[in-house]
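I open my notebook on a structure I have not looked at before. I want to walk through it piece by piece.

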Amino acid sequence: MTQDAYGSVPALRTDRLGRRYGKVWGLRDCTLEVPAGAVAAVVGPNGAGKTTLLEMIIGLLEPTEGRVDVFGQTSRADTARSLGRVGYVAQDHPLYRDFTVADMFHLGRAMNPSWDQNLADARMDALSIPVNRKIRRLSGGQQAQVSLTMALAKRAPLLVLDEPVSSLDPVARLDFMRDVMAIAADQALTFLISSHVVAELERYCDWLIILSAGHVQLAGPADELLAAHQLLTVPRATPDADLPGTVIQRTDSDRHSTVLVRAGADQFAGYGRPSWQADPVSFEQLIMAYLQRRPSPRSYDNPAPAAERPGTPAKEVTR
Amino acid sequence: MTWVTWRQHRTQAMACLALLAALAVYAIIEGTSMRTAFSNDNLAGCLARSQGTGCPAAVSDFTGAFGSAVNIAFWSVCLIIPGLIGVLVGGSLVARELEYGTWRLAWSQTVPRTRWLGVKLALVTGGLIAVGAAMTAVITWYRAPMDRVVGHLYQNVYDYEGLVLTAYILCAFGFAVLAGLLIRRSIPAMIAAFIPWLAIRLVIEFVFRDHFMAPLTTTTGTCVQNSPQVHCGTGIGVVPPDTGHIGDLVLSMNGNLVTYQPASRFWPFQFIEAGIFVALTAAALGATIWLLHRRAAWTA
């Protein structure tokens with residue numbers, strides 16, 4: 001059994017996980033670990049492989065290669081044992097629209113041996129959602145809450161939420177995520193939440209996984225990742241080779257360049273020049289920089305020469 | 001899972017019960033008057049004594065009065081009803097989940113999808129067998145007097161008695177469940193299942209059924225060409241048919257050589273035809289279970 005730095009079994013561990021659809025790889029070479037109790041964000045543009053990764057973790061989809069361990073046990077797709085360990089809120093929170101909320105819970109009870117009816121009822125009470133109302137009469141936010149409640153009442157230690165708020169209005173979005181936070185803090189559950197909405201994530205997540213073009217670009221504890229990146233403002237002429245660490249993204253303007261580098265603060269200290277300025281990077285800047293990188297997973301450290309576009313007063317060169 | 005299946009199919013179950021109730025009302029009204037006429041005309045005795053030859057007027061009065069209601073036009077339309085029941089119930093079973101995205105909900109609970117499908121198929125198939133058997137029982141009961149006069153081997157009777165009605169429903173159901181998994185949309189799946197069902201149904205009825213077993217021949221035919229007094233013809237429009245036995249199905253006549261299927265073959269024929277449709281059902285449902293099981297390897 002693999003143990004993480006804190007001495008307990010990780011909630012989730014994937015090992016060179018890959019999934020091919022026909023000739024196209026939807027996800028490849030995905031190795032990552034999420035400790036128990038984390039709220040992990042899986043971030044990436046549409047088509048990055050988020051849903052593919054999540055479906056393999058849940059046990060809805062069989063990996064083409066590699067494997068998924070949930071709390072130290074290897075998952076096998078479509079087996080009661082694997083399905084029972086993960087609670088899942090699918091994108092657009094599908095529910096049976098002609099069912100009442102009570103019917104949905106009856107289904108949950110019928111299909112999950114560890115179902116917690118008290119939890120389900122208590123949450124509906126707390127949210128003032130009438131259980132005898134049909135699903136189609138509920139607002140989008142309420143439907144999302146019913147979906148989340150179904151996943152929680154399954155009493156699975158790992159919860160996977162696929163774009164849980166993308167179809168919600170800003171208020172419902174805030175309420176929903178606030179609830180997730182409270183539950184995570186309260187019940188020591190592990191959450192894996194996919195999103196393409198980058199803003200707001202900082203407040204909710206303590207673990208970050210950035211996916212793009214079917215590959216993991218960056219994964220780890222959010223605070224450590226933030227500490228390991230610096231946003232430098234340097235004279236435009238400064239070549240990449242003079243900069244500390246690895247250049248993730250470089251934006252050239254008339255006189256200065258703004259460069260996001262992956263380098264620890266100590267690493268940077270040795271390089272410091274009077275004309276350089278170093279700032280901590282924000283969560284959103286970090287994610288955007290990685291998502292805008294050209295997806296070439298094997299060659300992070302050998303970026304191609306920047307293309308010049310003469311005549312443009314301020315141009316961006318994004319790698 | 002039993003509750004889940006019931007909850008998702010209870011509207012269809014109610015619709016089937018309503019259909020059965022309507023059929024029962026019709027059967028009681030029509031069947032009662034048929035029984036009254038049958039006993040008033042004293043047909044039972046006449047049939048027993050002479051296979052109907054002794055009372056041609058009573059026989060033709062009876063078939064004239066009730067034949068049209070029980071026969072061709074009405075029952076030809078009804079031919080599609082078992083197919084409609086089957087595809088309406090089967091078309092939504094898997095396709096609806098795929099259409100509305102609820103498969104992600106249904107298949108991520110602590111029940112593997114093959115078990116989910118297996119339980120649903122078992123229960124819904126059981127329900128359809130009950131519906132088919134009940135419809136068959138109602139139709140057989142109310143047609144009983146007519147069957148004693150003309151038998152039940154010809155198409156518009158044979159199709160609604162015995163085993164085949166239930167088998168037709170099951171076959172349409174199986175086709176629709178499979179089509180639903182492949183097409184992922186309910187209405188197109190229903191149409192895609194109904195067309196081959198109807199084609200197979202008609203081809204078996206009009207091409208193969210008469211030859212399930214080699215027809216018999218007899219030379220006791222009473223047909224004499226150009227003689228208005230004597231019945232002449234194939235099918236069942238004649239009492240008794242030209243073999244002289246009620247219920248025999250005359251296929252062709254050549255002079256006094258009669259080619260026919262004897263009335264006693266009703267049940268063997270029912271078993272053969274129901275067997276064909278049940279085998280088709282099993283193949284379609286087996287393919288559905290296998291495809292759904294393999295689906296996790298192809299796509300979620």
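**Entry 1: chain B overall**

I note at the start that this is a predicted model. I looked up the make-up of chain B and found 12 helices and three strands. I then checked its extent: the C-alpha trace spans about 75 × 40 × 25 Å along its principal axes. Of the 300 residues in chain B, 40% are buried. I also looked at contacts in chain B with a separation of 6 or more. Residues 24 or more positions apart account for 74% of them.

**Entry 2: helix 12 of chain B**

How far apart are the end C-alpha atoms of helix 12 of chain B? I found them 47 Å apart. The helix has 33 residues, 266-298, and at 1.5 Å a residue it should span 48 Å, so the two values agree. I looked for a bend as well. Helix 12 of chain B has a kink of about 25 degrees, centred on B:Leu292.

Next I listed the buried residues of this helix. B:Leu292 is one of them. I kept a general point in mind here: an α-helix has 3.6 residues a turn, so residues three or four places apart point the same way.

What covers these buried residues of helix 12 of chain B? The cover includes helix 8 (113-150), helix 10 (164-183) and helix 11 (186-208) of chain B.

**Entry 3: the sheet of chain B**

I turned to the strands. In chain B, three strands make an open sheet in the order 1-3-2, with antiparallel pairing. Strand 1 (216-218) and strand 2 (249-254) are the edge strands, and each pairs on one side only. On average, neighbouring strands of this sheet are turned by 25 degrees against each other, direction ignored.

How many bridges join strand 2 of chain B to strand 3 of chain B? I found five, and the two strands run antiparallel. Strand 3 covers residues 257-261. I picked out B:Ser252 and looked up its bridge partner in strand 3 of chain B, which is B:Thr259.

**Entry 4: where the chains touch**

I counted the contact between the chains: 19 residues come from chain B and 24 residues from chain A. On the side of chain B that touches chain A, helix 1 (2-40), helix 7 (103-106) and helix 12 of chain B each give two or more residues. Helix 1 of chain B gives the most, with three residues. By class, this side of chain B has 11 nonpolar, five polar and three charged residues.

**Entry 5: the hairpin of chain A**

I moved to chain A. Strand 1 (residues 12-21) and strand 2 (residues 24-34) of chain A pair in the antiparallel sense over seven bridges. They form a hairpin with two residues between them. In the turn, A:Gly22 has a positive phi of about 65 degrees. Along the strands, A:Arg19 stands opposite A:Leu27 in strand 2 of chain A.

I then checked A:Ala11, which is in the segment before strand 1 of chain A. Is A:Ala11 buried or exposed? A:Ala11 has 27 other C-beta atoms within 10 Å, so I put it down as buried. Leaving out residues up to four places away in sequence, I found that A:Ala11 touches several residues, including A:Val34, A:Phe71, A:Pro157 and A:Thr190. The C-alpha atoms of A:Ala11 and A:Gly37 are separated by 7.7 Å, although these residues are 26 residues apart along the chain.

**Entry 6: positive phi in chain A**

Most residues other than glycine have a negative phi. I looked up two exceptions. A:Arg16, in strand 1 of chain A, has a positive phi of about 45 degrees and is not a glycine. A:Arg16 is exposed, with 12 other C-beta atoms within 10 Å.

A:His93 has a positive phi near 30 degrees. I found A:His93 in the loop between strand 6 (86-89) and helix 3 (101-111) of chain A. A:His93 counts as buried because it has 26 C-beta neighbours inside 10 Å.

Definitions and conventions. Residues are numbered from 1 along each chain as its sequence is written. Chains are lettered from A and ligands numbered from 1 in the order in which they are written. This is a predicted model: local features need pLDDT of at least 70, side-chain atom pairs count only at pLDDT 80 or more; totals for chains, interfaces and linings use all residues. Helices (H or I, at least four residues) and strands (E, at least two) are DSSP runs, numbered from the N terminus. The expected span of a helix is 1.5 Å times one less than its number of residues. The bend at a residue is the angle between axes fitted to the seven residues ending there and the seven starting there. A residue is buried if 20 or more other C-beta atoms lie within 10 Å of its own, exposed if 12 or fewer, and partly exposed in between; C-beta atoms are placed from the backbone. Two residues are in contact if their C-beta atoms, placed from the backbone, lie within 7 Å. Two strands pair if DSSP finds at least two bridges between them. Axes are lines fitted to C-alpha atoms, for helices over the stretch in contact, and angles run from 0 to 180 degrees between N-to-C directions. Ala, Val, Leu, Ile, Met, Phe, Trp, Tyr, Cys and Pro count as nonpolar, Asp, Glu, Lys and Arg as charged, and the others, Gly among them, as polar.
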